[in-house]
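Welcome, and take a moment to look over the model below.

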Amino acid sequence: MSEDIAILSAQIKWEPIDADDDMTEEMYLSSDEELTALKQYLGAELPDDYVWFMKNIGRRVINDDRIHMKLNGVSLSCLDWFRDAVDVLTFTKMASEKDDDGDVQIPANLLIISDSISRDNFLLDVSSENYGKVWFRHHDAKWRMMNAERADGLVLIARSFSDLLSKIVNNTSPGDIDFNFNDDDDIL
């Protein structure tokens, strides 16, 4: 599996690492210890393709027009980078805590691997029934009610992390930038 994700990752245009600001490639990558902490929190293994990506590409910014496409009615234009393991753990923990009403923002067994400025989430599933699938969860409950295919407001984006990158790489007709807004929807 690592070979597939490596080939796909090499075909995506990533924002260059800014060496002028003393940035190094290692600063973008997740360590074994950070990934182990994430696995321990979840009580589940992470998909091999995702682990390879986090250890070899990491939190690089996507600089590829092929990201401008729709999958299952969801625009990927707001997907501009993937979080590193420390951020994934932090944001997943925060979204898994109960709010004042006793609700959590995301269902169990999901990791927030990326999010948009308007708090839309791209989620990686580690549950046994949907292991490795990538989901989208819009920040607005009204949007979720009208567009989600599941009662918990999720829309399937890809069968795996590799499948997501494959869809980007194989997009031969990038569309216009679109951020999953309705006419009356505002960035919060």
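## A serine and its surroundings

Leaving out residues up to four places away in sequence, S9 touches W14, W52, F53, I57 and L165; contact here means heavy atoms within 4.5 Å. S9 is found in helix α1. Helices (H or I, at least four residues) and strands (E, at least two) are DSSP runs, numbered from the N terminus. With a relative accessible area of 1%, S9 is buried; buried means under 20% relative accessible area, exposed over 50% and partly exposed in between, using a 1.4 Å probe and protein chains only.

A word on how to read all this: the model is predicted, so local features need pLDDT of at least 70 and side-chain atom pairs count only at pLDDT 80 or more, while totals for chains, interfaces and linings use all residues. Residues are numbered from 1 along each chain as its sequence is written, and side-chain values use heavy atoms, leaving out hydrogens and water.

## Aromatic rings

Two of the residues that S9 touches, W14 and F53, also form an aromatic pair, a tilted one with 5.7 Å from centre to centre and 50 degrees between the planes. Rings of Phe, Tyr and Trp (its six-membered ring) pair if their centres lie within 6.5 Å; planes under 30 degrees apart count as stacked, over 60 as edge-to-face and the rest as tilted. W14 lies in the loop between α1 (2-11) and α2 (32-42), and F53 in helix α3 (residues 48-56), so this pair ties together parts that are 39 residues apart in sequence. W14 is buried at 13% relative accessible area, and F53 is buried too, at 0%.

Across the whole structure, a search finds six aromatic pairs. One aromatic cluster is formed by W14, Y50, F53, F82 and F161. Rings also meet charges: the charged end of R59 sits over the ring of Y28, 4.9 Å from its centre, and that of R83 sits over the ring of F91, at 3.7 Å. For this, NZ of Lys or CZ of Arg must be within 6 Å of the ring centre and within 35 degrees of the ring normal.

## The nonpolar cores

Which residues touch the most other members of the largest nonpolar core? They are F82, L111 and L164, in a core of 42 residues. Such a core is a set of buried Ala, Val, Leu, Ile, Met, Phe, Trp, Tyr and Cys residues joined through side-chain atoms within 4.5 Å. Helix α6 (residues 161-169) gives this core its largest share, five residues. Seven of the nine residues of α6 are buried, so this helix is largely enclosed by the rest of the structure.

Beyond its neighbours within four places in sequence, F82 has contacts that include W14, F53, F161, L164 and L165. A second, separate core has eight residues, among them I112, L123, W135 and L156.

## Helix α4

Helix α4 (residues 85-96) has 12 residues and reaches 16 Å from its first C-alpha to its last, close to the 16 Å expected at 1.5 Å a residue; the expected span is 1.5 Å times one less than the number of residues. Its buried residues are A85, V88, L89, T92 and A95. Seen down the helix axis, they fall within an arc of 140 degrees, so they line one face of α4; the arc is that of the directions from the axis to the C-beta atoms. These buried residues pack against α2, α3 and β3 (110-115).
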